[in-house]
Amino acid sequence: MRAVVQRTKTASVRVDQEIVGAIEHGFLILVGACKGDDDDSAIRLARRCAGLRVFEDSNGKMNLSLKDVRGSALVVSQFTLCADTSRGRRPSFENAMPPEAAEKLYRKFCTAIADQGIDVKTGRFGAKMEIELVNDGPVTLVVES
């Protein structure tokens with residue numbers, strides 16, 4: 001699985017003009033399930049994201065995790081993270097997991113983040129979504145399981 005993790009001051013996701021998920025201080029996590037991923041991949045990625053030490057401590061060093069700062073996570077499914085862009089100008093999405101299996105892993109990932117004691121909000125799997133965020137830093141990382 002792949003994730004793009006953005007440290008945020010605020011983030012929200014809309015579906016059909018309705019806000020379906022919103023957070024304040026925390027992470028916006030775009031997550032994609034690729035062929036070959038499994039439940040262990042989802043759990044491992046969730047633990048890695050929750051444990052990333054990218055929040056500033058009292059000395060201004062990035063030394064605290066999402067758990068440490070009691071931040072929230074807005075998790076949005078993003079199959080395009082599994083794209084192959086190595087040839088031509090049109091991405092290939094053949095490496096993306098089929099929707100039914102991908103949704104299962106997306107839900108597993110969200111549950112595993114919540115199991116770390118983190119408040120989780122979500123987008124709507126498979127929907128056309130609009131995301132707004134104020135990136136804090138900016139801090140943006142690509143994380144793989």
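Colleague: Is aspartate 136 buried or exposed?
Modeller: This is a predicted model. Aspartate 136 sits in strand β8. Its relative accessible area is 19%. The cut-off for buried is under 20%, so aspartate 136 counts as buried.

Colleague: With which residues is aspartate 136 in contact, leaving aside its neighbours within four places in sequence?
Modeller: Aspartate 136 belongs to β8. With those neighbours set aside, the contacts of aspartate 136 are Arg7, Thr8 and Lys9.

Colleague: Is aspartate 115 buried or exposed?
Modeller: Aspartate 115 lies in the loop between α2 and β7. Its relative accessible area is 60%. Exposed means over 50%, so aspartate 115 is exposed.

Colleague: How far apart in space are aspartate 115 and alanine 46?
Modeller: In sequence, 69 residues separate aspartate 115 from alanine 46. In space, C-alpha to C-alpha, the separation is 9.3 Å.

Colleague: What span does α2 reach from its first C-alpha to its last?
Modeller: α2 has 16 residues. At 1.5 Å a residue, 22 Å is expected. The model comes close to that, with α2 reaching 22 Å.

Colleague: Why do the buried residues of α2 lie on the same side?
Modeller: The buried residues of α2 are Ala102, Leu105, Tyr106, Phe109, Cys110, Ala112 and Ile113. They are on the same side of α2 because, around the axis, they cover an arc of only 165 degrees.

Colleague: Which exposed residues does the face of α2 turned away from its buried side carry?
Modeller: The buried side of α2 includes Leu105 and Phe109. Its cover includes β3, α1, β6 and β7. The face turned away from that side carries the exposed residues Glu100 and Lys104.

Colleague: What is the volume of the largest pocket, and which residues lie nearest its centre?
Modeller: The volume is about 330 Å³. The lining comprises 20 residues. Nearest the centre are Ser77, Gln78, Phe79, Phe125 and Gly126.

Colleague: Which element gives the most to the lining of the largest pocket?
Modeller: The elements giving two or more residues to this lining are β3, β6, α2 and β8. The top contribution is three residues. That element is α2.

Colleague: How many residues of the lining of the largest pocket are nonpolar?
Modeller: The lining has 20 residues. Two of them are charged and five are polar. The nonpolar residues number 13.

Notes
Residues numbered from 1 in each chain as written. Predicted model: local features only at pLDDT ≥ 70, side-chain atom pairs only at ≥ 80, totals over all residues. Heavy atoms only, no water. 1 Å grid on protein atoms, 1.4 Å probe; cavity = no way out; pocket = protein on both sides within 12 Å on 5 of 7 lines; lining within 4 Å. Points joined across faces, edges and corners; volume = space filled by probe spheres on them. Helix = DSSP H or I, 4+ residues; strand = E, 2+ residues; numbered from the N terminus. Nonpolar A, V, L, I, M, F, W, Y, C, P; charged D, E, K, R; others polar. Expected span 1.5 Å × (residues − 1). Buried < 20%, exposed > 50% of the residue type's maximum accessible area, 1.4 Å probe, protein only. Arc of directions from axis to C-beta. Contact = heavy atoms within 4.5 Å.
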